[in-house]
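Trainee: I have just opened this entry and have not worked with it before. Could you take me through it?

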Amino acid sequence: MNHNQTTEETQERATLYALGALSQHEARAFEVHLREGCPVCQAEISQYESVTGELGLAAPAVPPPAYLRELLVARLEREAAPPATAPAGASGTPLPTPVRAPSSVRLYLPWAVAACFAALFAFSYRSIRQIGQEIARQQERLVALQSEGEQLKTTLTQERMRVQQLDQVRSVLTSPGSRVVLLAGQGSAPSASGAVLWDTHRNRWLVTASLPPPPVGKAYQLWFITTAQAKISAGVIRTDVTGQSFTIIDVPSDVSKQVAAAAITLEPEGGSEQPTMPIYVLGRVG
Amino acid sequence: MEEIIRRAAQGDASAIAALYDSTSRLVFGLIVHILGDRFAAEEVLLDVYTQVWCQASSYEQQRGTPLSWLMTMARTRAIDRMRSGKQYQQRKEPLDLAVHQKSGEVGPEEAAAISERRTLVRSALETLSPPQREVIELAYYSGLSHSEIAAHLGQPLGTVKTRARLGMMKLCEMLRPLGREQKARG
Ligand SMILES: [Zn+2]
């Protein structure tokens, strides 16, 4: 029902609405009332909203760091969609274009592997773009914030490493004849997981794994398990503090012909000749 | 500034850059004041201008000047960001109008008109009684609802509502000539 005159109550509701201080429920109800065309409340709200529109000017001005402008321009260029065709309210980064695994790769893959693969792939694309942006930003910050320089340098190095890793993952995934071996967590660490991306051309394994952080004095070791059940060390793999690992291993050509599975065990630091401890993750070469 | 928005609506990205150059200090200042976290504020700042780019064509239907449209957008996004933050913690620091009057001076690119408006808004806020100003600042800059403000201040809800109403009416009265002037300048 429309009001026919301004009252303290109508003023109160309009001021609180303009300040964003009504409860959600009250705000929705007031919006309905406005849409129904109450002239009194419409006049009041437009008056108060012009005030709240100005209120933000009272905050002290702060110049944003210079790199933000570059980032904005880069983002606008990327979005490039003419605003007229953009859906109302659309903002933020566009979704990454879904990427199909090349058919030569897909042949090798059971469906579950393929799904994981696709997720990894989409991730690498999106991340490389975002990380590239992030690096630009971090570099700017290095200049702007000398005091935090050391810490940021570490971050920057980490981000660079991630970009390199993702690039390598991508180059393996897109090359014909690449294979994926999923490593599943075993009894001692059911939540551990990993994957081997096998570049059969260059006989190279990219091993990614998510493992429990190793106890002091211990390290993870990767093993080739041959068709004859022989276990050949592929070397110790390093993990970061959260147990994430990314390792590149050149597979000896004689081993590559007879490898049937890959496993990671926890061993004394420096590695063992033969696995001495329980298997953390295991995957069969399909 | 209307002209800039029109150009942006036609897909001219350089218009957004121009708008950014003339307003980003004000917008960033508001976001930083609301969030108190510069890194989060940087992201919100980028989002605000991206949103302007996406919604410039719908500006015509909005109420108010382009600057108040922009500031409202920035305020909304900053409050949303604050609420979505894991450590959802509202800042309740009052604006220090006196101290920042000088340090808040913006660069030469800021038009004299904007500078004039800022001074007026600040002095308008200063004319409010401290309890009125407090309620308005808690709502606008901290994103608190009336009942949250009442709880925070330990005052009855009715008192909070009355302070908000009287404070806003006062501001309205003080700032009205400003709005007209701005419209005439168009
Ligand atoms: Zn009404």
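Trainee: Which residues coordinate the zinc ion?

Mentor: The zinc ion is coordinated by His3(A) through ND1, His33(A) through NE2, Cys38(A) through SG and Cys41(A) through SG, at 2.0 to 2.2 Å. Donors are N, O and S atoms within 2.8 Å of the metal (3.2 Å for Na, K and Ca); water is not among the atoms, so sites may look incomplete. Please note that this is a predicted model, in which local features need pLDDT of at least 70 and side-chain atom pairs count only at pLDDT 80 or more, while totals for chains, interfaces and linings use all residues. Residues are numbered from 1 along each chain as its sequence is written, chains are lettered from A and ligands numbered from 1 in the order in which they are written, and side-chain values use heavy atoms, with hydrogens and water left out.

Trainee: What is the arrangement of the four donor atoms?

Mentor: The arrangement is tetrahedral, because the donor atoms subtend angles of 103 to 118° around the zinc ion. Four donors count as tetrahedral if all angles lie between 85 and 135 degrees.

Trainee: And how are the donor residues spaced in sequence?

Mentor: The spacing is H-x29-H-x4-C-x2-C. His3(A) is in the segment before α1 of chain A and His33(A) is in helix α2 (residues 24-35) of chain A, so the pair ties together parts that are 30 residues apart in sequence. Helices here are DSSP runs (H or I, at least four residues), numbered from the N terminus.

Trainee: Changing topic: how many residues of chain A and chain B are in contact?

Mentor: On chain A there are 51 residues in contact with 63 residues of chain B, where contact means heavy atoms within 4.5 Å.

Trainee: Which residue pairs with Arg165(B)?

Mentor: Arg165(B) forms a salt bridge with Glu8(A), their closest N and O atoms being 3.4 Å apart. Arg165(B) belongs to helix α9 (residues 157-185) of chain B and Glu8(A) to helix α1 of chain A, so this pair joins two chains.

Methods: Tetrahedral: all angles 85-135°; square planar, octahedral: opposite > 155°, others 65-115°. Salt bridge = Lys/Arg side-chain N within 4 Å of Asp/Glu carboxyl O.
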